[in-house]
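Thanks for coming. I will walk through one structure, starting with confidence and ending with charged pairs.

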Amino acid sequence: MAEIQVVAFRVGNEEFCLEISKVREIKEMMPITRVPPNAPDYVEGVINLRGQITTVVNLKKKLGYYDDEDISNKKIIIAEVKGEIVGIIVDAVSDVVTLTEDQIEPTPKTLASRMDTRFIKGIAKINNGERLLIMVDLDKLLGEEW
């Protein structure tokens, strides 16, 4: 059975994950240069990542959560979205998890009828369903912008 490795992270009270193949590195918070106010509110600004200017997105804001917390203790996941490198601010990064196909369920249709779930690849069940990870498709979540 095929296995997939994901990086698990927290945004608010929910746990999400990204395929490890999309993740380049995980960084501590670093100075972010703000961008003009006409940028979307979830774009925090840009960072200098080893000489490359990289856009940083606050995933909590992008997902529609209210976020007025200090971001200094948060993490930045450096990921690839449609061939571009992007920084994604999350509340915490927990671990790398190996999943099998039978642990991943499709997004429930009742949820899909009430919200935009195009960016959710599925829900991963760990420890017999005691822990659920929402699998994020970054290309679809941030795809329109890139």
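Confidence is lowest in α2, at a mean pLDDT of 66, and highest in strand β3, residues 23-28, at 97. pLDDT is the predictor's confidence in each residue, from 0 to 100. For the protein, the mean is 89, and 94% of residues reach 70 or more. The model is a predicted one: local features need pLDDT of at least 70, side-chain atom pairs count only at pLDDT 80 or more, and totals for chains, interfaces and linings use all residues. Residues are numbered from 1 along each chain as its sequence is written, and side-chain values use heavy atoms, with hydrogens and water left out. Helices (H or I, at least four residues) and strands (E, at least two) are DSSP runs, numbered from the N terminus.

Now the sheet. Six strands make an open sheet with mixed pairing, in the order β8-β1-β2-β11-β10-β9. Its edge strands, pairing on one side only, are β8 (92-100) and β9 (104-105). Two strands count as paired if DSSP finds at least two bridges between them. Strand β1, residues 3-11, runs antiparallel to β8 over eight bridges. Within that pairing, Val7 stands opposite Val96 of β8.

Which residues touch the most other members of the largest nonpolar core? They are Phe9 and Leu138, in a core of 24 residues. Such a core is a set of buried Ala, Val, Leu, Ile, Met, Phe, Trp, Tyr and Cys residues joined through side-chain atoms within 4.5 Å. Buried means under 20% relative accessible area, exposed over 50%, and partly exposed in between, with a 1.4 Å probe and protein chains only. Elements that each supply at least two residues of this core include β1, β2 (14-19), β10 (120-126) and α3 (138-141).

Phe9 also belongs to the one aromatic pair in the structure. The ring centres of Phe9 and Phe16 are 6.0 Å apart and the planes lie at 20°, so the pair is stacked. The rule is that rings of Phe, Tyr and Trp (its six-membered ring) pair if their centres lie within 6.5 Å; planes under 30 degrees apart count as stacked, over 60 as edge-to-face and the rest as tilted. Both Phe9 and Phe16 are buried. Setting aside neighbours within four places in sequence, the contacts of Phe9 (heavy atoms within 4.5 Å) include Leu59, Ile77 and Val90.

Last, the charged pairs. How many salt bridges does a search of the whole structure find? It finds 14, a salt bridge being a side-chain nitrogen of Lys or Arg within 4 Å of a carboxyl oxygen of Asp or Glu.

One of them joins Arg24 and Glu80, at 2.1 Å from N to O. Arg24 is in strand β3 and Glu80 in strand β6, so the pair ties together parts 56 residues apart in sequence. Arg24 is partly exposed at 44%, and Glu80 is partly exposed at 24%.

Another joins Glu44 and Lys61, at 3.1 Å from N to O. This pair links strand β4, residues 43-49, to helix α1, residues 59-62. Glu44 is buried, with a relative accessible area of 6%, whereas Lys61 is partly exposed at 25%.

Asp91 and Lys74 also meet in a salt bridge, at 3.0 Å from N to O. Both of these residues, Asp91 and Lys74, are buried. Through shared partners, salt bridges join Arg10, Lys60, Lys74 and Asp91 into one network.
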